[in-house]
Amino acid sequence: MAIPSFVDKVVLHVAAGNGGNGCAAIKREKFKPLGGPDGGNGGNGGSVILRVDPGLTTLVDYHRQSRRAAGNGQPGQGDFKNGAGGDDVVLMVPPGTYVTDADSGEVLADLAGLDDSVVVAAGGHGGLGNAALASSSRKAPGFALLGEVGESRNISLELKMVADVALVGFPSAGKSSLIAAVSRARPKIADYPFTTLVPNLGVVVAGETTFTIADVPGLIEGAAAGRGLGHDFLRHIERCWAIVHVIDCATYEPGRDPITDLDVIEAELAAYGGLGELGEMGERPRLVALNKVDVPDAAEIAAIAQPEIAARGLPVFLVSTKTGEGLQALTFALAELVAARRAEIAARPAPRIVIRPAAVDGAEFSVRRIGDGEGGFVWRVQGRKPERWVAQTDFGNNEAVGYLADRLNRLGVEEELLRLGAEPGDAVAIGAGAHPVVFDFAPHVDTGAEILARRGEDERLLAQRPAAERRRLRDLEYQANRAELMGDVDRDTDWRQVRAANLERIALEDDSE
């Protein structure tokens, strides 16, 4: 299958780099037995960035390769050496690229300007080394924090071409011939419908004004509802603030005439709508070019239709792309509209940039009681800080787990659990996604003091957990009952048969009584 040369819509999977892990190291130097912690921080993961390149006109590169990933951060090292940051991946896109989240539909960016850029996947932060974790109460941490996982998502890139003027009309109306006649664009031209399958851009110079003009594939009745290529064509003229109706006055198709063609295309533009401050498509400045007047019959038809169209308030031009008749008047009329539009935009006051930061005085976490799917319940703690701290914790290091308990207690998680009625030994789940980390609630743990234990250990976590103790007692009870039941029976006998026989015997004894 051949890969198309023009692609205007793709779905791209982007993955940012993970942050590097922090390093837990102790300075070892001759004659300095207490050198202290010197573990460096991990490097930040690289981000995935979209940036506009004015020289691009297609998204074909991402059609060929739809997965892009940034580099991971490097882990920290001893002697206060921080890890290197991961390399960013900068993806160049053409002007007019509309970026959304492919899964949620959230709009991420509208890259219409020449200098626009957006971070679509942020790299994970590197973990802190034990040198950065040292404090007055914990002078020599025996642990470091893990690096955070970088963002990963599917994004949809949709190209909506940026041009000043759009040419619209039925297939074979002469739009490609018109853009080839007034600019240096060289689109494919043939004598059959839908010769143009992709939009074409041309640069037109009229006097001192230079503007861009877009030739989109032909529209048919019902395009706004999806007939033909529908939205694939219409979305490319959303950003064009002026529209030229190119009408074929030499068509021999039954039921076609300039007035009917104009009404059909106007209805499709009105049904499709518009975008933002440009207004609805049916409300934008419009001109009408009655094409192919070099054909005798077409010239007569154009002369008949011209007064009726002009009566609607639309400027009308009789043109021929073959002989060049009327093209200069059309281009200078368009240049006048473009110059007036640009002067209007320049006269507008500069927009005020209003920054509305997210509220920081709201609840930093939430706690709710939910079922665990096995007949029990679990306290689910959710929030950016608790979930991030859990992801940074090395659960193979008891001192790191104790540090996590201290942080959660200072945040108020323990106090909130007690307020909601949590009891010691209850299951508490913290972490993002469907697989959080589950703890046993132990509110008696004291925090804030120096932990006098071996490096990498926390004496508060060496005591038997209540949930583990309950499981141990249930297991002992089960083993005792099984030993009593199977005491006088051959060990090779299935215990289920023995249990069934005993239940039957007990039932008979109850009946006899």
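Residues are numbered from 1 along each chain as its sequence is written. In this predicted model, local features need pLDDT of at least 70 and side-chain atom pairs count only at pLDDT 80 or more, while totals for chains, interfaces and linings use all residues.

**Exercise 1.** Determine which residues of helix 3 are buried.

*Solution.* Buried means under 20% relative accessible area (1.4 Å probe, protein chains only). Helices are DSSP runs of H or I, at least four residues; strands are runs of E, at least two; both are numbered from the N terminus. Helix 3 spans residues 175–182. Six of its eight residues are buried: Lys175, Ser176, Leu178, Ile179, Ala180 and Val182. Next, find the cover: it includes strand 9 (165–168), strand 12 (242–248) and helix 7 (327–347).

**Exercise 2.** Find what lines the second largest cavity.

*Solution.* A cavity is a set of points on a 1 Å grid over the protein atoms alone where a 1.4 Å probe fits but cannot get out; lining residues have an atom within 4 Å of a point. The lining holds Leu167, Leu178, Val182, Val204, Ile213, Val244, Leu330, Thr331 and Leu334. Helix 3 and helix 7 each give two or more residues. Helix 7 gives the most, with three.

**Exercise 3.** Identify the element that gives the most to the lining of the largest cavity.

*Solution.* The lining includes His245, Val246, Ile247 and Asp248. Strand 12 and helix 5 (258–272) each supply at least two residues. Strand 12 gives the most, with four.

Note on methods. Heavy atoms only, no water. Buried < 20%, exposed > 50% of the residue type's maximum accessible area, 1.4 Å probe, protein only. Contact = heavy atoms within 4.5 Å. 1 Å grid on protein atoms, 1.4 Å probe; cavity = no way out; pocket = protein on both sides within 12 Å on 5 of 7 lines; lining within 4 Å.
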